[in-house]
Amino acid sequence: MSEVIAVMNQKGGCGKTTTVVNTATSLAVMGKSVLVVDMDPQANATTSFGIDKTKIENTIYDAIIGDINVKKATIPTFIKNLFIIPSNISLSGAGMELSSRENYHIILKETLKDVVPLFDYIFIDLPPSLGVITVNALVASDSVLIPIQAEYYALEGVADLINTIKLVEQRLRSPTPIKGILLTLYDKRTRLSKDVYKELKSYFGESNLLFKTVIPRNIRLAEAPSYGKPCLVYDPESTGTKAYLKLAKEIIQRDENVNLSDAKTNIKAKAELNRNSNKTGRGR
């Protein structure tokens, strides 16, 4: 079953694109079919896979305005099982164009519907804003992954972000549960990082929203995009690579547990239905 995951935070510099690129790559090498949708006009996810954003002909912008079918914009990366719908600066005007259309908030969902069934995971990389593009991504997604930098300003902003997600749910009647909150740029040498992690655990620990995996501040993660490679390819042994592989395993394990729970619920419901049917039959 496919899952569309929006990776979002209105604050820049918290590792959204790094998380999209490296989590998608980690899941792909584990045998999952993965699609990255670059919804940021800066196109950092696109260039992180070595794609020249100035030379691509078909982008997510062309797909959402209806010039092409989204399949035409979907291209393979050099990593097996991993595809991308690239972006470039043309996407910067999409918000204004979409907002003038009827039912503007479902355009991305309608655009992606032909490719979603083809993949296990679809990650949407978003700009650091809460505009029309982000609203479209929330409506198109099954869940939200929130990267949070290990600093207090980021910690203060997460409550506002969650409220925004809930507001979109209420107004557009499109529930988008939080898949998890991911602590990024964590430096175990500093007291600040430890304090932020402690605060997150105390606030979100019982709800199971906080991922157990923590992404460290790692120079290899920062260097890899300049070489047009995910960190798994650039430096397979780096602590950053190992952290994202661990995150991918945690995501798979969570999903398996959810699927198992759903299966048990369905079995229980069917058993109850059968008992009721038998009682009805005996009463006749």
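**Burial, cores and helix packing**

Biologist: How many of the 9 residues of helix H7 (residues 132-140) are buried?
Modeller: H7 is mostly covered. This is a predicted model, where local features need pLDDT of at least 70, side-chain atom pairs count only at pLDDT 80 or more, and totals for chains, interfaces and linings use all residues. Residues are numbered from 1 along each chain as its sequence is written, and side-chain values use heavy atoms, leaving out hydrogens and water. Taking buried as under 20% relative accessible area, exposed as over 50% and partly exposed as in between (1.4 Å probe, protein chains only), the count for H7 is 8.

Biologist: Which elements do the buried residues of H7 pack against?
Modeller: Helices (H or I, at least four residues) and strands (E, at least two) are DSSP runs numbered from the N terminus. The buried set in H7 includes Ile-133, Val-135, Leu-138 and Val-139. Contact means heavy atoms within 4.5 Å. The partners are strand E1 (3-7), H5, helix H6 (107-112), strand E5 (121-125), strand E6 (143-149) and helix H8 (152-172).

Biologist: Which element gives the most residues to the largest nonpolar core?
Modeller: A nonpolar core is a set of buried Ala, Val, Leu, Ile, Met, Phe, Trp, Tyr and Cys residues joined through side-chain atoms within 4.5 Å. The largest core has 49 residues, and Ile-146 is among those that touch the most other members. With 7 residues, the top contributor is H8.

Biologist: How many residues are in the second, separate core?
Modeller: Phe-123 and Leu-221 belong to this core. Cys-231 and Ile-251 are members too. The total is 31 residues.

Biologist: What is the angle between H8 and helix H9 (residues 191-204)?
Modeller: Axes are lines fitted to C-alpha atoms, for helices over the stretch in contact, and angles run from 0 to 180 degrees between N-to-C directions. The two axes are 9 Å apart. H8 is roughly parallel to H9, because angles under 35 degrees count that way, over 145 as roughly antiparallel, 65 to 115 as roughly perpendicular and the rest as oblique. The angle is about 25°.

Biologist: How many nonpolar residues are in the contact of H8 with H9?
Modeller: H8 brings Tyr-152, Leu-155, Val-158 and Ile-162, while H9 brings residues including Leu-192, Asp-195 and Glu-199. Ala, Val, Leu, Ile, Met, Phe, Trp, Tyr, Cys and Pro count as nonpolar, Asp, Glu, Lys and Arg as charged, and the others, Gly among them, as polar. The contact has 2 charged residues and no polar ones. Its nonpolar count is 8.

Biologist: What is the phi of Ala-43?
Modeller: Most residues other than glycine have a negative phi. Ala-43 lies in the loop between strand E2 (34-38) and helix H2 (44-47). Ala-43 is buried, at 0% relative accessibility. Its phi is positive, near 60°.

Biologist: Is Asn-81 buried, partly exposed or exposed?
Modeller: Asn-81 sits in the loop between strand E3 (75-76) and E4. Asn-81 is not a glycine, yet its phi is positive at about 75°. Its relative accessible area is 27%, so Asn-81 is partly exposed.

Biologist: What is the relative accessible area of Pro-86?
Modeller: Pro-86 is in the loop between strand E4 (82-85) and helix H5 (94-99). Leaving out residues up to four places away in sequence, Pro-86 touches Asp-38, Thr-46 and Ile-56, among others. Pro-86 is buried, and the value is 1%.
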